[in-house]
Amino acid sequence: MNTKTPPVYFDEMSDTGGIRAPYKRLDDWHRTMPSGIRNIKQHEAEALFRRIGITFAVYGEGGDPERLIPFDMFPRVFTFGEWRKLERGIKQRAQALNMFLSDVYDRGEIVKAGRIPADLVYRNEAFEIAVHGFRPPKSVFSHIVGIDLVRTGPDQFYVLEDNCRTPSGVSYMLENREIMMRMFPDLFVKNRIAPVDHYPNALKSTLASVAPQKCDHEPRVVVLTPGHFNSAYYEHTFLADMMGVELVEGQDLFVEGDFVYMKTTEGPKKVDVIYRRLDDAFIDPLCFRPDSMLGVPGLMSVYLSGGVTICSAPGAGVADDKAIYVYVPEMIRFYLGEEPILENVPTFQCGKADDRKYVLENLPELVVKEVHGSGGYGMLVGPKSSKSQIEAFRAKIEDNPGGYIAQPTLALSTCPTFVEEGIAPRHVDLRPYCLMGEKIELVPGGLTRVALTEGSLVVNSSQGGGVKDTWVMAE
Amino acid sequence: MKLRIEHETRYRFDAPVRGVIQAHRLWPGSFEGQNVLSWKVDTDGGVVGASYCDAAGDRISTVTWRTPVEEFAITVSGLVETADTSGVLRGFKERSVPAAYLRHTQQTYPDAALRTLCEEALEGMEEAGPLDRAHKLAACVAEAIEYALGETEPHTTAAEALALGKGVCQDHAHTLIALCHIAGIPARYVSGYLHAREDGAPHEASHAWAEVFIGGLGWVGFDAANGCCPDERYVRLGSGLDSLYAAPIRGIASGAASEDLNVRVTVAAQEQFQQQ
Amino acid sequence: MLSRTAGHLYWLGRYLERAETAARLMEVGGRNALLPNTTGGHRNEWEAVLQAMGTFEAFSEKYSDTGQRNVETFLFFDQSNPSSIASCIGAVRENARVVRTAMTVRLWDAINTAFQDLKEMSRTERSQLSMSDLIDWTMKVCAEIRGSIEIAQLRNDGYHFLNIGMAIERADNTARLLNVKYYVLLPSMRYVGSGLDNYQWVTLLRAMSAHRSFIWTYDGELSPAKIAHFLIFNQLFPRSLLTCSMKTADHLDHLARGYGKSTEAQQKVREIVGELAEGQVEDIFEEGLHEFLMRFMVANEDLARAVQSAYLGGAEA
């Protein structure tokens, strides 16, 4: 048992000085809301979500594949000043991650300079030998960088992890806002909240800006989905729809000669940019997994010969691995010559003997993660775990030390959340979506995930987390 | 030595198939021990496109058939001048990083038996240089796996071949790669041709061996199946993590028709060729 | 438009039509079960409905008797029966879900709401759901979905594929019902012209919501020739073979104009319409109604195949 006094959490609405400025009106709002109205609105929100069709299948858990992610109506708010700093930090990080990818698939200067161990890069399964030496249009590998952030104090933010492949959840950012505006128009009249609804347009321009050299016309962009059984299918249809582009499956595309075409009722149409929501291993059975039925045979050859652009670029995953994460501040210094604006969480690499020793001695205080895991699976939250859970993890780490990292348990900030008895603080994180093409762009907002269980620090939707609308106050 | 290569791969389907696509790694590069004098790939009506050069210096081109086909042949013919460089790949233009060739694939997965074999083979060689260690491992593969045609399949793994104790050049190469990886030495699979015997009769349709990266020397070929390093009898076509990634032809046909594949390779010394 | 998208819209149309046909058949069966014993009693009437749908065998494998409750379950709720209303609405929704970007929010809303209702209904205590509730619900939902298509859907190629699916399916259903009436329902040819025969014709008309319009159009005189004329040739009747085929032709023509090229599908539908437009009931009875209908169904299926290969399977795959 952990006998230490429980840590004090920073609450984003009320600190020692009372209600913080950005939340003042929300405080009035929830206090004056008649109790009956709240339930009605909550039901209304749920009905809206279900009608629109936003559902979510929990990976590998079975159960109702059309489960809703719980939506909490209490918004999470950032001041303009807070956001300005976050924005600079996020853009800085997204830029460094892309420069890193350009570098390791080219000359590998950062490795040669001894700033990142060669093995971590080149032995990494996410490092695609097949694309080594290829420079994608505008040198961008990761066109949508999702950076998971947590807050521990008024001025203290940490990056929890980077997502350089195909970060999901942006449809929730947009729909949460849409639903809040529909249900509580007054709130938006009284508060000046920066809009987020231009995200699909920005995404489309980003994708169009990285069309391949061989494309000499208005680029045709498509969204490639694994199909409607995928848990994020709703998001795929949503994004395609909002961008006004076709949502295709692998079977809709084929390769002939130098290009990729889609099958239409009017015959084949050439495709220039593919925003794929499909893992590297599945996109081309002729290059990667031969058993993949989801991909397009020959796609990689067309990509590597400059006939089509794939977003994110195959191989981008080598930048968002948890083992590489440790070195992102180093990347920022190396490529940009700047100090990181956003801090990393101090991380112990179990592959290193000293770190491992510390980790094994302090398991009850630490959070342990699998290097290649995601979605909150394969994770140990020391202070919230039983003795046997801790021992099970100890065995796992000893068995495969390189597969794990550990971090101190962060005192994640809380945000007021509607519960049975009114409102109560619940832990939150934030995932903003940074777009990189010809230029770099960030819409003011993101996806706030909230751990709905009291005291829980796990915000993943697959583990009982919910979502909130995220406000950035206009200047 | 001048080697004349004729390599025909003929595909027959029991019913017409639509949408055949292949990736060809059929273009040998030139380097100190190998000079390509002439080279031609005939695709028998397949549309050639999407050609590029990968980091390992191989040229890959994509060939598609969109209309129904029942039979076609890929015919490679060329003339290559070779020289013996004791297996060392010198002057070859590539940008790959040796450290990337330490990861295993399904076919080179290092199981317990392979690990034990590696440990035993290198016992007492802790002080030896990587070249000596590689030679030792190659010899050890030749000893552990007897050359035998028809005992293994194209998808046989190194671990399976070792357990069986029999195999062909592909199995020897996979096994040597797995052992090198265990020993921390980068290694990769190479496909190519071998002028095997004076009478010109090939002992295998096409040949394969392993390349091992030795600091200071670069990539060095090891043909464990023949207990030697590639010399002037060898023509190097391309490389990859294993036989799948280094395959001269990798293809997919949509449809359920069953496929009949016929490969014919001849590698003849030019002098001999001219006498005919 | 993506070939696959067009394919999903086309099948959406077909399943929507199929769901409605199933509801119409349920109505007929339910209605007949209320009437005094005609020949074999109410049990036979249900059997006839099941045979009309071609699902009697599948039903018999699963259920012991043709009691109304069993039939209701089988025709409405049973997911293992591919022609049940639940299966058809499920298929409509599944096809819609895959191509949401190709339809209006309003149409998706109508389809998705129907699907959510259906889930709710399958959780409801059955004693609270009468057969007429189930039928009314289906007819209402189909009308709503159809209405959303008509009101809000852009008149683009997607709209035409939806309609082609509905028209081809509807033609098939009419032909099948007519054929079944002739070859399945009547115990033997001796009964032709008997009271039972007439009774079954009325039933058939009811199944197509056509009884009253028939009476208005043909002065109430029931004869096989008039009914055949009505169901095959009458352009006033929305489910006649000619009306359906003309509708298919119309939408295929739109596609050909829009895409600037005609295909085998347009040619095939023109042949069908051409024959029907010139046809006479006498010729049909000379050929044999069954033979004629079989020929029509084959031609209709052939047309469906042509649509599939010209538009829905992509250009070359």
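Helices (H or I, at least four residues) and strands (E, at least two) are taken here as DSSP runs, numbered from the N terminus. The model is a predicted one, in which local features need pLDDT of at least 70 and side-chain atom pairs count only at pLDDT 80 or more, while totals for chains, interfaces and linings use all residues. Residues are numbered from 1 along each chain as its sequence is written, and chains are lettered from A and ligands numbered from 1 in the order in which they are written.

**Chains B and C**

By this count chain C has 15 helices and 0 strands, whereas chain B has 5 helices and 13 strands. The radius of gyration of chain B (taken over C-alpha atoms) is 19 Å, close to the 19 Å that the globule rule (2.2 Å times the number of residues to the power 0.38) gives for 276 residues, so chain B is as compact as a globular protein of that length. Its C-alpha trace spans about 60 × 45 × 35 Å along the principal axes.

The table uses two terms. A residue is buried if 20 or more other C-beta atoms lie within 10 Å of its own, exposed if 12 or fewer, and partly exposed in between, with C-beta atoms placed from the backbone. Two residues are in contact if their C-beta atoms, placed in that way, lie within 7 Å.

Within chain B, strand β11 (residues 234-240) is mostly covered, with 7 of its 7 residues buried. Strand β8 (residues 187-194) of chain B runs antiparallel to β11(B) and is joined to it by 6 bridges, where two strands count as paired if DSSP finds at least two bridges between them. In this pairing B:Gly192 has B:Arg236 as its bridge partner.

**The domains of chain C**

The domain assignment (bounds from an automatic or database assignment) divides chain C into domain 1 (1-153) and domain 2 (156-317). Between them, 27 residues of domain 1 of chain C are in contact with 28 residues of domain 2 of chain C. On the domain 1 side, the elements that give two or more residues are α1 and α2 (42-52) of chain C, and the largest share, 18 residues, comes from α1(C).

**Chain A**

For chain A the domain assignment gives domain 1 (213-307) and domain 2 (347-409), and the C-alpha centres of these two domains lie 38 Å apart. Chain A also holds an open sheet of 4 strands in the order β7-β6-β11-β12, with parallel pairing. Its edge strands, each pairing on one side only, are β7 (246-248) and β12 (309-311) of chain A. Within the sheet, strand β6 (residues 221-224) and strand β11 (residues 273-276) of chain A pair in the parallel sense over 4 bridges, and A:Val221 has A:Val273 as its bridge partner there.

Helix α9 (residues 233-243) of chain A is mostly covered, with 9 of its 11 residues buried, among them A:Tyr233, A:His236, A:Phe238 and A:Met243. The cover over the buried residues of α9(A) includes β6 and β7 of chain A, together with α6 (170-183) and α8 (199-208) of chain A. After α9(A) comes A:Gly244, whose phi is positive, near 70°.

Where do chains A and B touch around A:Gly257? A:Gly257 lies in the loop between β8 (253-256) and β9 (259-264) of chain A, and touches B:Val47, B:Gly49 and B:Thr64. This glycine counts as partly exposed because it has 16 C-beta neighbours inside 10 Å. The C-alpha atoms of A:Gly257 and A:Gly298 are separated by 9.7 Å, although the two are 41 residues apart along the chain.

**Nonpolar cores**

A nonpolar core is a set of buried Ala, Val, Leu, Ile, Met, Phe, Trp, Tyr and Cys residues joined through C-beta atoms within 7 Å. The largest such core has 281 residues, and those that touch the most other members include A:Leu97, A:Val260, B:Leu176 and C:Ala19. Helix α1 (residues 3-34) of chain C gives the most to this core, with 13 residues. Apart from it lies another core, of 12 residues, among them B:Leu3, B:Val80, B:Tyr234 and B:Leu237. In the largest core, B:Leu176 touches residues including B:Leu137, B:Val141, B:Ala210 and B:Phe222.

Key
Lists of a residue's contacts leave out its neighbours within four places in sequence.
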